[in-house]
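Hi,

Here is the structure you asked for. Please open it first, then read my notes below.

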Amino acid sequence: MYLLTDRPPQLETPLKIFREDLTPNEYFFVRWHLAQVLTKIDIDTFKLYIGGAVDKPLALSMNDLKTQFAPDSIIALAICSGNSRSTFNPKVPGGQWGNGAMGNAKWKGVKLKDILAKAGVKKGAFDVTFQGMDRAPLPATPAFIKSLSINHAMDDEVMIAYEMNGQPLPMLNGYPLKLVVPGWYATYWVGSLNSVNVLTDTFHGFWMTKAYQVPKDGSLNEKPDSLAKATVPITNINLHSIFVEPEPTDTVIANKQRLVEGLAFDDGTGIKKVELSFDAGKTWVETKLNPELGKYSWRRWKYDWTPTNKGAYHILVKATDNKGRTQTSKQWNRSGYARGFMEQLDITVN
Amino acid sequence: MEKKQENSFSLNGSVREIKITPETPDFPDHEGKAEFMSYCSMCHSLKYISMQPNFPRKTWEAEVNKMVAKYKAPIDSVTGKKIADYLVAIKSNH
């Protein structure tokens, strides 16, 4: 894997790993915010605390989670808000990710709504906060706490996962528990989760109100010399598509069939088609989509390409979703979030 | 290809532990290097800086200010300027 940082750890998945439906745990991307990540735990004494505006605060052990609640399963894409940040132009500070800060996995755990139902959510509940066991070296640094609205927290899809692709979560990916928020960026997927708190008011924590902001107009776009005045927290995964194979430095031979493949993903709306253009967007050809693996899974696409001429090629990839939305050619924001502008593969045919 | 840096994972009954190897990149000598290396490693690895591309002075100054104002780094304004100057010296297009 590509190591971006060691403290806290941030690791990126090599592109070729994305030629599988599910991303193996040992190659799954890693991203923490605070240097003191969990490195040691006795699972027998671990407790998940549910508190705040509830009738009955809970302290659930891993065994409680596995025996007192029906297990739930979902295949869902985890993707960092800043995935592909290094491709923004002009460049922006932050984790200099390529396309590898994402992964598709089968998550198994308990629906959050089942846990909240057991605690009994009080009338007037508004937000729910989530915190893990990571800590900052300085006491004054804001704790990493994310929140969801009570309605979102109680929907049928948000899950507290204790397994990833059939195994306990690796500690670097959030062992023992990780919040899974299908269709939303992974900033919400709090790892080493141990505290769920129901509030009767809006949560105003730093990591919800100051960090992870995007322009309020929903465009995920602004200009360096006219930044959006109003911002809101990032939420839904933006429609995007990428090339996985071939990579720019790979050898492609003229008049020989070459498989071109990649991924398309979104917030669960559904991918309608993925197209390629070999002439800077004048004309488009449709790729073949793999069957859907689930609403929140990525979608793999394939195209058999037989280039007839030698030389440089610039291939665009464009996804369209089931609401008819498609990708733009230009997009930028100050934080390098939610890349959705079309990717171009520059490759030489020999 | 390297597997994830869970490079030392032990399971002793119910206790699970991992060890993460720290890495400190090399940095060029310029005025302010000592302040940069000490203050900027209080809360995170210096790879956070070495992985960045070049930025203009305005961006580096904003980053240092963010560390103080948002993340509460204990850096006074004199030291903050020294650090920003160092970052400009090593990672900006002059």
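Strand E2 (residues 9–12) of chain A is joined to E3(A) by two bridges, and the two strands run antiparallel. One pair to look for is Gln10(A), whose bridge partner in E3(A) is Arg31(A). Both strands belong to an open sheet of three strands, ordered E1-E2-E3 in chain A, with antiparallel pairing. Its edge strands are E1 and strand E3 (30–31) of chain A, since each pairs on one side only. As background, strands of a sheet pair through backbone hydrogen bonds, either parallel or antiparallel.

Keep in mind that this is a predicted model. Chain A averages a pLDDT of 98, and 100% of its residues score at least 70. Within chain A, confidence is lowest in strand E1 (residues 2–6), at a mean of 93. It is highest in strand E13 (residues 178–180) of chain A, at 99.

Next, the interface. How many residues of chain B are in contact with chain A? The count is 30 residues of chain B, against 34 residues of chain A. On the chain B side, the elements that give two or more residues are strand E2 (15–19), helix H2 (47–50) and helix H3 (57–69). E2(B) gives the largest share, four residues. By class, this side of chain B has twelve nonpolar, seven polar and eleven charged residues.

Strands also pair across the two chains. Strand E4 (residues 40–42) of chain A and E2(B) pair in the antiparallel sense over three bridges. Look for Ile41(A): its bridge partner in E2(B) is Arg16(B).

Now follow the side chains along E2(B), which alternate. Arg16(B) and Ile18(B) point to one face and are buried.

On to the helices of chain B. H3(B) has 13 residues and reaches 18 Å from its first C-alpha to its last. That is close to the 18 Å expected at 1.5 Å a residue. Which residues of H3(B) are buried? They are Thr59(B), Trp60(B), Val64(B) and Met67(B). These four lie on the same side of H3(B), because they cover an arc of only 135° around the axis. An α-helix has 3.6 residues a turn, so residues three or four places apart point the same way. On the other side of H3(B), Lys58(B) and Ala69(B) are exposed. The cover over the buried residues of H3(B) includes helix H4 (77–90) of chain B.

H4(B) can be checked in the same manner. Its 14 residues should span 20 Å at 1.5 Å a residue, and its end C-alpha atoms are 20 Å apart, which agrees. Buried in H4(B) are Lys82(B), Ile83(B), Ala84(B), Tyr86(B), Leu87(B) and Val88(B). What covers them includes helix H1 (33–39) and H3 of chain B.

Why does Tyr71(B) count as partly exposed? It has 18 C-beta neighbours inside 10 Å, and a buried residue needs 20 or more. Leaving out residues up to four places away in sequence, Tyr71(B) touches Thr141(A), Cys43(B) and Lys66(B). Tyr71(B) and Cys43(B) are 28 residues apart in sequence, yet their C-alpha atoms are 9.3 Å apart in space.

Best wishes

Technical notes: Residues numbered from 1 in each chain as written. Chains lettered and ligands numbered in written order. Predicted model: local features only at pLDDT ≥ 70, side-chain atom pairs only at ≥ 80, totals over all residues. Contact = placed C-beta atoms within 7 Å. Nonpolar A, V, L, I, M, F, W, Y, C, P; charged D, E, K, R; others polar. Pairing = 2+ DSSP bridges. pLDDT = per-residue confidence, 0-100. Expected span 1.5 Å × (residues − 1). Buried ≥ 20, exposed ≤ 12 C-beta atoms within 10 Å, placed from the backbone. Arc of directions from axis to C-beta.
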